[in-house]
Amino acid sequence: MVAATNIRKSFGDREVLRGVDISAEKGSTTVILGPSGSGKTTLLRCLNLLERPDGGILRIGEQTVDMAKATRRELLALRRKTGFVFQQYGLFHNMTALQNVRLGLTDAQRLPRAEADARARECLAQVGMLDRADAYPSELSGGQKQRVGIARAAALRPEVILMDEPTSALDPELVGGVLEILRGLAQDGVTMIIVTHELAFAAQAADQVLFMDGGAVVEQGPPEQVLQNPRGERMKQFLRRMPEMGFAAGI
Amino acid sequence: MLQNRQFDVSFVVRAAGEVLKGLPVTLLITAVAFLAGLVIGFFCAQARRRRIPVLRQLVAVYLSFVRGTPLLVQLYLVYFGLPLLLRRTGQPDLPGVLYACIAFSLYSGAYLTSVVQSSMDAVGIDQIEAGVSVGLSRMQVLRRVVWPQAFCTAVPLLGNNLTSLLKGTSLAFAISVMEMTSRATVYGASGLRFAESYLAVSLVYLLLCVLVEKGCAAAGNRLRFGRGGGSPHGIQGGKM
Ligand SMILES: Nc1ncnc2c1ncn2[C@@H]1O[C@H](COP(=O)(O)OP(=O)(O)OP(=O)(O)O)[C@@H](O)[C@H]1O
Ligand SMILES: [Mg+2]
């Protein structure tokens, strides 16, 4: 499970996260919504410590670390309990799909080569990319790259996979396939925290939905509540502006 | 009269044979300067990329000195200046080829600094963050992600620098190192056939440069990661 308390982050004198609390049960799927600039990406980057929070307490699995006084070693140990899926895929250009998925297993987790190889292939098969295992990123479509990106994160068997708008760089016809894979992972009990604007996906697959605004979580609950019956005015406004809001006709 | 009026093809062939005796020296200076230059370039690039205080300023002075003065002058400076320093510490004089190696190493180090730096800078931050996100340490990210990609970008630039360096070593004749150009000069003088002997030496340089270029092209093709390739193309190399 993941539990972050009072996460704060500023860039210069711009306060981007103003004490965010977020917790996710083991095996649950959390969707984070929010307008542009509300701090969603920054929150995810703080959760895997690509960005170091200025303060707050972060617990992932069995490890709890106070951000204000964490050592490098603690940060690395904590980060190794997470996987990350990037909006722009972030695949290593110099490696094939298989090597991309395997690298963290062999080099960070120090699994034996054969075991790492088997797990990497298994994860590629899970996202339907086993037949392109030897292709380089430059030879893959956006949707295929993102599948490999998801396999790479999943192969680490992390406590939580963090995803930052995993489908927003994709052509519309490729989005469905990637969301399908995420639903599969959710059913397999992988803990995920996903920033996305795909409300239909949130409604269907999320266990909880968080709405961020101005660097804070302003609404939080099960999807039916947050999406159909939001309390705050900001959330209502946000939903009204979403293009595909036919389904949330409650407002 | 410094040059016979009749062009003598057979002299070209004989001159080529003589010039080739200087080939090991030319290759030695080139290889030493290139490898030492890579090491220098690597450390200078790190100092600049990591903004290490003091070191970074020293590197800046070094780079602007090498870029802002003629190679021939640098060669003389090392050749006449270094013995002064060494004599003070009681060391004997060194062979000319060593001065040449030192001068050309300092020279190529400055230019290779920008090759190393620009190649490493060309690796996107997204690649580094992706490496960190799968749990790699900083060193592992460098080894597995940054350096392989940077090397791929660097190959054509390194090739350019290597050929420029190879040609540049001809200036070593100015400090009486018997490399290929010196041999051509001496041999040309012996028969008053400078055109023939310089033609011979130019053909040897040309052949070597073509070999380097072909080698780099082949290496570049092998190193391309898939269809599009992982390295930005069309970057022009720094001239040596
Ligand atoms: N490295 C940085 N340096 C300075 N400011 C930053 C940095 N990263 C983010 N910010 C600022 O922090 C705020 C939140 O950014 P963030 O990327 O987290 O928003 P977001 O909710 O992900 O937005 P979007 O939906 O557009 O992706 C923005 O105002 C942004 O300008
Ligand atoms: Mg964002």
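Trainee: Which residues are around ligand 1?

Mentor: In this predicted model, the residues around ligand 1 are A:F11, A:R14, A:V16, A:P35, A:S36, A:G37, A:S38, A:G39, A:K40, A:T41, A:T42 and A:E165. A residue counts as near a molecule if one of its heavy atoms lies within 4 Å of it, so each of these residues belongs to the list.

Trainee: How much of ligand 1 does the protein cover?

Mentor: On its own, ligand 1 has 630 Å² of accessible area, and the protein covers 62% of that.

Trainee: Which elements give two or more residues to the shell around ligand 1?

Mentor: They are β2 (14–24) and α1 (40–47) of chain A. The largest share, 3 residues, comes from α1(A). By residue type, the shell divides into 3 nonpolar, 6 polar and 3 charged.

Trainee: Why is A:V209 called buried?

Mentor: Its relative accessible area is 0%. Buried means under 20%, so A:V209 is buried. A:V209 has its place in strand β9 (residues 208–213) of chain A. Leaving aside neighbours within four places in sequence, A:V209 is in contact with A:V31, A:L33, A:A202, A:E219, A:Q220, A:G221, A:P223 and A:V226.

Trainee: Why is A:Q208 called buried?

Mentor: A:Q208 has a relative accessible area of 14%. That value is under 20%, so the term buried applies to A:Q208. This residue is also found in strand β9 of chain A.

Trainee: How do you know that the side chains of A:Q208 and A:T30 make a polar contact?

Mentor: The distance given for the pair is 3.0 Å. The limit is 3.5 Å, so the pair is counted.

Trainee: What makes a set of residues a nonpolar core?

Mentor: Its members must be buried nonpolar residues joined through side-chain atoms within 4.5 Å. The largest such core has 98 residues, and A:I32, A:L33, A:L47, A:L124, A:L182 and A:I193 have the most contacts inside it. Helix α6 (residues 172–187) of chain A gives the most to this core, with 7 residues. A second, separate core has 31 residues, including B:A100, B:C101, B:V115 and B:L158.

Trainee: What is the secondary structure of chain B?

Mentor: Chain B comes to 9 helices and 0 strands. Of its 240 residues, 44% count as buried. The C-alpha atoms of chain B fill a box of roughly 70 × 50 × 25 Å along the principal axes. Chain B exposes about 12,400 Å², with carbon and sulfur atoms supplying 67% of it.

Methods: Residues numbered from 1 in each chain as written. Chains lettered and ligands numbered in written order. Predicted model: local features only at pLDDT ≥ 70, side-chain atom pairs only at ≥ 80, totals over all residues. Heavy atoms only, no water. Areas by Shrake-Rupley, 256 points an atom, 1.4 Å probe, with all protein chains shown as cover. Helix = DSSP H or I, 4+ residues; strand = E, 2+ residues; numbered from the N terminus. Nonpolar A, V, L, I, M, F, W, Y, C, P; charged D, E, K, R; others polar. Buried < 20%, exposed > 50% of the residue type's maximum accessible area, 1.4 Å probe, protein only. Contact = heavy atoms within 4.5 Å. Polar contact = N/O pair within 3.5 Å; in protein donor to acceptor, adjacent residues only side chain to side chain.
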